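This report walks through one structure, from the fold of a chain to single residues. Please keep the sequence and coordinates at hand.

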Protein chains: 2
Amino acid sequence: MPRKLTDKGQATRTRILEHAAELIYTKGVHATNNEQLRRAAGVSGSQLNHYFPTKESLVLAVIAWQADRVLAFHRSERFASFNDLDAFREWADFYVGYERAYQEGCSLGSLASEIIKTDLDVHDELASAFDQWRDIFRDGLQHMQQLGRISTDADPAQLANLLLSAFQGGSLLAQVARDITPLKDALQAAIDYVQTFVRSPEIDVLQVR
Amino acid sequence: MPRKLTDKGQATRTRILEHAAELIYTKGVHATNNEQLRRAAGVSGSQLNHYFPTKESLVLAVIAWQADRVLAFHRSERFASFNDLDAFREWADFYVGYERAYQEGCSLGSLASEIIKTDLDVHDELASAFDQWRDIFRDGLQHMQQLGRISTDADPAQLANLLLSAFQGGSLLAQVARDITPLKDALQAAIDYVQTFVRSPEIDVLQVR
């Protein structure tokens, strides 16, 4: 946001952004045009142009918007910083039960996939968003390791990449199949793998790793 | 292919298709236009229109083309029907060493992601291609199970969904990061998880699953 906006200006900008994010999530970035967005948000062409002079500026703002929402969701108390297995199970259950996961995919990942090959200069924003997302998982796993909940053999960064990849890939496959199973399977298996590193007195005795 | 083509017609159609697949893989489906394709393939507008009267017909043919290549690659002798862990390691190594994996992503998955939200009527073709791909992994894992190489506790369909999801998601994250690490991590972790099901006399004794 290069300029300081009034409260009213800020509210208008936010309203446009909400509708743009929703249209793009549902129809894709290429099928979303100014006319639809003006109607949905109830703004004039000159208002739209004032806040988002180019499609690139709009897409950048939608990336930031979706990234903020995804990161805030993952940082919410609900998941307790992902410092135990239950948090990961809860996270998987949420997405498996969220019907838009297999209708429209991941709000950030599906947008990224659509535009990663285009000339839009949005690469750094996407990379930063996914880095932060993966770091939430990695930090949680590192904390679990420090607490002795998972073995020091676990590689938190590698497991974080598996979890986020399973989510992104599973979301794509679920969209294609119009069925949640690929996402459900991928998340469950990825978390089951993390579970193999869980340390307990009983397992320590029989540890085969 | 609704009509029977002459050998020359078939060759022209194949040449157009090869160039369309390459352009779409590099630039994305939305940025690929008839003008670029005509130049790349060295055909006239009427020739292009003769073989592919609509963008949908071209995209459908490119999906079939990429699916054939991906499936043939996975069914090649190199991977021995994925009936042991080494085949999965070999498969991961191939993609981790293939620099286009993090430049352009998966040839089929990146195309699917780009068009899954559009009105193009290509859904069944995509679903069929990914089903067949996943079944190659599932069948290999089932065979490993029948041979006693992995435990009966393993769920081949679930593991197949993990492997394909890790590949698709890891490819997207690698593209975004412009770094192969997310894909490398995801594939290695997914295969390491399959490895936890490998049966050996030594592990049987200590089996904790």
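Is Ala80(B) buried, partly exposed or exposed? With a relative accessible area of 39%, Ala80(B) is partly exposed. The model behind that value is predicted.

**Loop residues with positive phi**

Ala80(B) sits in the loop that links α4 and α5 of chain B. Its phi is positive, near 45°, although the residue is other than glycine. The counterpart in chain A is Ala80(A), in the loop between α4 (55–74) and α5 (85–96) of that chain. Ala80(A) is not a glycine either, and has a positive phi of about 45°. At 40% relative accessibility, Ala80(A) is partly exposed.

**Fold of chain A**

Chain A is built from 11 helices and zero strands. From the N terminus on, its elements read α-α-α-α-α-α-α-α-α-α-α. Along the principal axes, the C-alpha atoms of chain A fill a box of roughly 70 × 40 × 30 Å. Chain A has 209 residues, and 52% of them count as buried. Take the contacts in chain A with a sequence separation of 6 or more: 69% of these join residues 24 or more positions apart.

**How the two chains relate**

A rotation of 180° with 0.0 Å of shift along its axis places chain B on chain A, with an RMSD of 0.0 Å. This is the relation of a two-fold axis. Gly169(B) has the C-alpha nearest the axis in chain B, 1.9 Å from it. Both copies use the same surface: 100% of the contact residues of chain B recur in chain A.

Neighbours within four places in sequence aside, Gln158(B) is in contact with Asp185(A), Gln188(A) and Ala189(A). Gln158(B) has a relative accessible area of 8%; a residue under 20% counts as buried, so Gln158(B) is buried.

**Helix packing and the core**

Two packed helices are described by the angle between their axes and the distance between the axes. For α4 (residues 55–74) and α8 (residues 123–146) of chain B, the angle is about 5° and the axes lie 10 Å apart. Angles under 35 degrees count as roughly parallel, so α4(B) and α8(B) are roughly parallel to each other. On the α4(B) side, the contact includes Leu60(B), Ile63(B) and Ala67(B); on the α8(B) side, Leu126(B), Ala129(B) and Trp133(B) are among the partners. By class, this contact has 10 nonpolar, two polar and one charged residues.

Trp133(B) also belongs to the largest nonpolar core, which has 143 residues. Trp91(A), Trp133(A), Trp91(B) and Trp133(B) have the most contacts inside this core. Leaving out residues up to four places away in sequence, Trp133(B) touches Val70(B), Leu71(B), His74(B), Cys106(B), Leu108(B), Leu164(B), Phe167(B) and Gln168(B).

**A residue on α5**

Glu90(B) lies in helix α5 (residues 85–96) of chain B. Beyond residues up to four places away in sequence, Glu90(B) touches Arg78(B) and Phe79(B). From Glu90(B) to Phe197(B) is 107 residues in sequence and 18 Å in space, C-alpha to C-alpha.

**Accessibility at a glance**

| Residue | Relative accessible area | Class |
|---|---|---|
| Gln158(B) | 8% | buried |
| Glu90(B) | 34% | partly exposed |
| Ala80(B) | 39% | partly exposed |
| Ala80(A) | 40% | partly exposed |

Terms used: Residues are numbered from 1 along each chain as its sequence is written. Chains are lettered from A and ligands numbered from 1 in the order in which they are written. This is a predicted model: local features need pLDDT of at least 70, side-chain atom pairs count only at pLDDT 80 or more; totals for chains, interfaces and linings use all residues. Side-chain values use heavy atoms; hydrogens and water are left out. Axes are lines fitted to C-alpha atoms, for helices over the stretch in contact, and angles run from 0 to 180 degrees between N-to-C directions. Helices (H or I, at least four residues) and strands (E, at least two) are DSSP runs, numbered from the N terminus. Angles under 35 degrees count as roughly parallel, over 145 as roughly antiparallel, 65 to 115 as roughly perpendicular and the rest as oblique. Contact means heavy atoms within 4.5 Å. Ala, Val, Leu, Ile, Met, Phe, Trp, Tyr, Cys and Pro count as nonpolar, Asp, Glu, Lys and Arg as charged, and the others, Gly among them, as polar. A nonpolar core is a set of buried Ala, Val, Leu, Ile, Met, Phe, Trp, Tyr and Cys residues joined through side-chain atoms within 4.5 Å. Buried means under 20% relative accessible area, exposed over 50%, partly exposed in between (1.4 Å probe, protein chains only). Copies are superposed by least squares on the C-alpha atoms of residues with pLDDT of at least 70 in both.
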